[in-house]
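These are my notebook entries on one model, set down in the order in which I looked things up.

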Amino acid sequence: MKKHLRFNVSDTATFAPLTKEYFSTAGFKLINETSNQLSFAKGSVLLNMVTFSPLNWKSQIGIRLENETVIADFEITTVGQLTTPAEEKLWDHFIENYKVSLVNKVDLTTENQQDVKDAKKNNWKYFKWALIGAVAVGLPFGILARLTEHSLLAPLGAVIGAMAFMSSRISKE
């Protein structure tokens, strides 16, 4: 998932300190800094598969200041994820909050933390669909596994059912 942000600031002297504060507070690591450019990174592909917070997904952020224009590019790796509308909205809001925090010189940490909580809460409904799919498809595959003596069919059916039901529900939204 790629996102792009472009906006103007009147106080270029606060660009670097406020940008570093915003992203470090959210857990991003500063990986490169020049006079007019900052790069941040967070997460890993392996972590993507086990984290419940979209802001912990593997991501690279490059932000540069050209005159009074801030240009930010976000590269968010969604490997291991079925990205939900709530997670997409979380990233959009996090990126917009960066702009607001830089332009208005306000701390939006609390808002970002609340957005993460809301996205996690919203995603529990997909877990319900995954469970229904695992049972609905896993049971027939379990019977088939018993009849054919191929024991791997039962967990395979459960995984296929869970992923199918969950991705179907996400795509409907």
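I looked up the strand order and found an open sheet of five strands, ordered 1-5-4-3-2, with antiparallel pairing. Strands here are DSSP runs of E with at least two residues, helices are runs of H or I with at least four, and both are numbered from the N terminus; two strands pair if DSSP finds at least two bridges between them. Strand 1 (2-8) and strand 2 (29-33) are the edge strands, each pairing on one side only. On average, neighbouring strands of this sheet are turned by 15° against each other, direction ignored.

**Source of the model.** I note that this is a predicted model, in which local features need pLDDT of at least 70 and side-chain atom pairs count only at pLDDT 80 or more, while totals for chains, interfaces and linings use all residues. Residues are numbered from 1 along each chain as its sequence is written, and side-chain values use heavy atoms, with hydrogens and water left out.

**Strand pairs.** I then followed two of the pairings. Strand 2 and strand 3 (residues 37-42) run antiparallel and are joined by four bridges. They form a hairpin with three residues between them, and L30 stands opposite F40 in strand 3. Strand 4 (residues 59-66) pairs with strand 5 (residues 69-76) in the antiparallel sense over eight bridges. There, E66 stands opposite T69 in strand 5.

**Helix packing.** At what angle do helix 4 and helix 5 pack? I read an angle of about 150°, with the axes 6 Å apart; axes are lines fitted to C-alpha atoms, for helices over the stretch in contact, and angles run from 0 to 180 degrees between N-to-C directions. The two helices are therefore roughly antiparallel to each other, a term for angles over 145 degrees. Their crossing is right-handed, that is, the near helix is turned clockwise from the far one by less than a right angle. The residues of this contact divide into 17 nonpolar, six polar and one charged. Nonpolar covers Ala, Val, Leu, Ile, Met, Phe, Trp, Tyr, Cys and Pro, charged covers Asp, Glu, Lys and Arg, and polar the others, Gly among them.

**Largest pocket.** I recorded a volume of about 640 Å³ for the largest pocket. A pocket is an open set of points on a 1 Å grid where a 1.4 Å probe fits, with protein on both sides within 12 Å along at least five of seven lines, and lining residues have an atom within 4 Å of a point. Of its 25 lining residues, F52, Q81, N123, F127 and M166 are the closest to the centre. Helix 4 (109-148) and helix 5 (153-172) each supply at least two lining residues; helix 4 gives the most, with eight. The lining comprises 16 nonpolar, seven polar and two charged residues.

**Second largest pocket.** This pocket holds about 290 Å³ of space. Of the 19 residues lining it, Y22, T25, A26, T109 and N112 are the closest to its centre.

Methods: Grid points are joined across faces, edges and corners, and a volume is the space filled by probe spheres set on the points. Angles under 35 degrees count as roughly parallel, over 145 as roughly antiparallel, 65 to 115 as roughly perpendicular and the rest as oblique.
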